[in-house]
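Here is a short briefing for a first look. Please view the sequence and the model before reading on.

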Amino acid sequence: MGTEYRIALAGNPNTGKSTLFNALTGLRQHTGNWAGKTVSLAQGTVQFKDKTFQLIDLPGTYSLFSNSKDEEVARNYIVFEKPDVTLVVLDATSLERNLNLALQVLEMTKNVVIAINLIDVAEEQGIQINERLLTNRLGVPVIKISARNKKGFPMLLDTLDRIVTGAIECNPVRMAYSEEIEEQIKKIEPKVREIVGNQLSSRWVSLRLLDGDETLLNEINQRLSGRQVEYEYSTHIC
């Protein structure tokens, strides 16, 4: 029967994320809504070797900062549902803008693959992308693809396979902030780690608390179920 793994697809709108999803899953997909949300949910499967990859097409978002229901759904799935791999789809013709979302994902979770889509369009515009340099700098695999032409699919699927089997270990780059922010992180991260343990990235949660992300705080309280959690957090952010 093989083994099933969950792969979350994240990306800005108009990056070809859904085109990639459709090309990989074909007719092996279904749609609905996220529980309690009006946000659409698309899931599908793709077979590779002896494995089944269950693809979850997250809502297209420009960030994961809880500014909309789409952003909350995408963020919560990556952080709390813990997919085996998060596949971030970028537009090769707007790489600098798209990397903002990729860097946010890298702070949230470890197993990440970055797929640079529309590479054929970029090459027509004279844009050259060094995926090996990006891989070295970001600490996760970077694959160039063309979803509409199914270019790069074998390497993409093989990379997903090697991550879930442990043949590839991802080591996402750690973003450095201003000295003032880093000092604040040092102050609150130990207490955050006591509360969330290994369930969440304590550094990422600390950053979001410093940013005043109340929706995340509420979500953590619900997920971890405890008044003590709420008390401890409120103590440290006041």
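The points below cover helix packing, then the pocket and the cavity.

This is a predicted model, in which local features need pLDDT of at least 70, side-chain atom pairs count only at pLDDT 80 or more, and totals for chains, interfaces and linings use all residues. Residues are numbered from 1 along each chain as its sequence is written, and side-chain values use heavy atoms, with hydrogens and water left out.

**Helices H7 and H8**

- Helix H7 spans residues 179-196 and helix H8 spans residues 202-210. Helices here are DSSP runs (H or I, at least four residues), numbered from the N terminus.
- The axes of H7 and H8 come within 8 Å and cross at roughly 120 degrees. Axes are lines fitted to C-alpha atoms, for helices over the stretch in contact, and angles run from 0 to 180 degrees between N-to-C directions.
- That angle makes H7 oblique to H8. Angles under 35 degrees count as roughly parallel, over 145 as roughly antiparallel, 65 to 115 as roughly perpendicular and the rest as oblique.
- The H7 and H8 crossing is right-handed. A crossing is right-handed if the near helix is turned clockwise from the far one by less than a right angle, and left-handed if anticlockwise.
- On the H7 side, the contact residues include Ile 181, Ile 185, Ile 188 and Val 192. On the H8 side, they include Val 205, Leu 207, Leu 209 and Leu 210. Contact means heavy atoms within 4.5 Å.
- By class, this contact of H7 with H8 has nine nonpolar, three polar and four charged residues. Ala, Val, Leu, Ile, Met, Phe, Trp, Tyr, Cys and Pro count as nonpolar, Asp, Glu, Lys and Arg as charged, and the others, Gly among them, as polar.

**Helices H2 and H9**

- Helix H2 (residues 69-81) packs with helix H9 (residues 214-224) at about 40 degrees, and their axes are 12 Å apart.
- H2 and H9 are therefore oblique to each other. Their crossing is right-handed.
- From H2, Glu 72, Arg 75, Asn 76, Phe 80 and Glu 81 take part. They meet Thr 215, Leu 216, Glu 219, Ile 220 and Arg 223 of H9.
- The contact of H2 with H9 holds three nonpolar, two polar and five charged residues.

**Helices H1 and H6**

- Helix H1 (residues 17-25) and helix H6 (residues 153-164) pack at about 85 degrees, with axes 13 Å apart. That makes H1 roughly perpendicular to H6.
- Leu 20, Ala 23 and Leu 24 of H1 meet Phe 153, Leu 156 and Leu 157 of H6.
- The contact of H1 with H6 has six nonpolar residues, no polar and no charged.

**Pocket and cavity**

- On a 1 Å grid over the protein atoms alone, a cavity is a set of points where a 1.4 Å probe fits but cannot get out, and a pocket is an open set with protein on both sides within 12 Å along at least five of seven lines; lining residues have an atom within 4 Å of a point.
- The largest pocket has a volume of about 280 Å³. Of its 14 lining residues, the closest to the centre are Leu 106, Glu 107, Pro 172, Arg 174 and Ser 201.
- Helix H3 (95-108) and H8 each give two or more residues to the lining of the largest pocket.
- The count comes to one cavity of 30 Å³ or more. The largest cavity is lined by Leu 64, Phe 65, Gln 104, Glu 107, Met 108, Trp 204 and Arg 208.
- H3 gives the most to the lining of the largest cavity, with three residues.

Key
Grid points are joined across faces, edges and corners, and a volume is the space filled by probe spheres set on the points.
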